[in-house]
Amino acid sequence: MAEKTNPAYPLAPSNGYTRSDGESQLSADELKRKKKIKLAIYITIFVVFQIIVITTMSLTVMKVKTPRFRLGNINVESFVSDSAAPSFDTKFTTQIKIKNSANWGSYKFNAANITFQHQGATLAVIDIAKGKAGWLSTIKRNAEVSLKSSAINGSNFGSELRSGVLTLNSVGRLNGKVAIMFIMKKKKAANMNCTIAFDVAAKNVKSLHCK
């Protein structure tokens, strides 16, 4: 007797549901759509991050500020005055400060000078050699200054000495360029305008104000 054979049938899925080709295609399209959405999100995040970085750099690192040009502490070596003549003669040492601490780039400046005055009359001029202040730093140069009253013609000079306070000014201007990250250079001029008040009786500096 011939043996009976049962026809072969594909096994049904465990959940009793077979996925059609159309549903498979929909699932693939859905995956592609989700990938595109994720890619768009990543690109948006990257662009926003770049905008934040560029804005931050523009407001901090790439922003160029004018360096500060000032006198430092003054140490009086000698001070002789005569309110009757009237006259005075003084020698002192000081520091010239070029402050570039606000810039993320070096400040290269040209040679310049500082003029010491009394009510517009020039008493002395000292030279400043050209140089460079590094990024986020301050350079200091020592200077010796000798001042005499021979150039003063003001009628109130004697009364100023008798008042006990002699006021002088120091003015100057540095011209140079700030170089940011070796890719950008911007011209910056730093001005000095300091007021020095000498205590005539004590023969020292009463106050020093720079702006």
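1. Helices (H or I, at least four residues) and strands (E, at least two) are DSSP runs, numbered from the N terminus. Proline 86 sits in the loop between strand S2 (75-82) and strand S3 (87-99). The peptide bond from alanine 85 to proline 86 is cis, with omega near -20°.

2. Some ground rules. This is a predicted model: local features need pLDDT of at least 70, side-chain atom pairs count only at pLDDT 80 or more, and totals for chains, interfaces and linings use all residues. Residues are numbered from 1 along each chain as its sequence is written, and side-chain values use heavy atoms, with hydrogens and water left out.

3. The overall layout comes next. The chain has two helices and eleven strands. From the N terminus, the order is α-β-β-β-β-β-β-β-β-α-β-β-β. Of the contacts (heavy atoms within 4.5 Å) with a separation of 6 or more, 66% join residues 24 or more positions apart.

4. Buried residues make up 29% of the 211 residues.

5. Arginine 141 belongs to strand S8 (residues 138-148). Its relative accessible area is 25%, so arginine 141 is partly exposed. Beyond its neighbours within four places in sequence, arginine 141 touches several residues, among them Thr94, Phe109, Ile128 and Lys130. Leucine 71 is 70 residues away along the chain, yet the two C-alpha atoms are separated by 9.6 Å.

6. Lysine 130 is in the loop between strand S6 (121-128) and strand S7 (131-133). Lysine 130 is exposed because its relative accessibility is 65%.

7. Two loop residues have positive phi without being glycine. Glutamine 119 has phi near 50°. Glutamine 119 lies in the loop between strand S5 (112-118) and S6. At 52% relative accessibility, glutamine 119 is exposed. Leucine 136 has phi near 55°. Leucine 136 is in the loop between S7 and S8 and is partly exposed at 37% relative accessibility.

8. Phenylalanine 46 is in helix H1 (residues 21-59). Which is phenylalanine 46, buried or exposed? Phenylalanine 46 counts as exposed, because its relative accessibility is 51%.

Methods: Buried means under 20% relative accessible area, exposed over 50%, partly exposed in between (1.4 Å probe, protein chains only).
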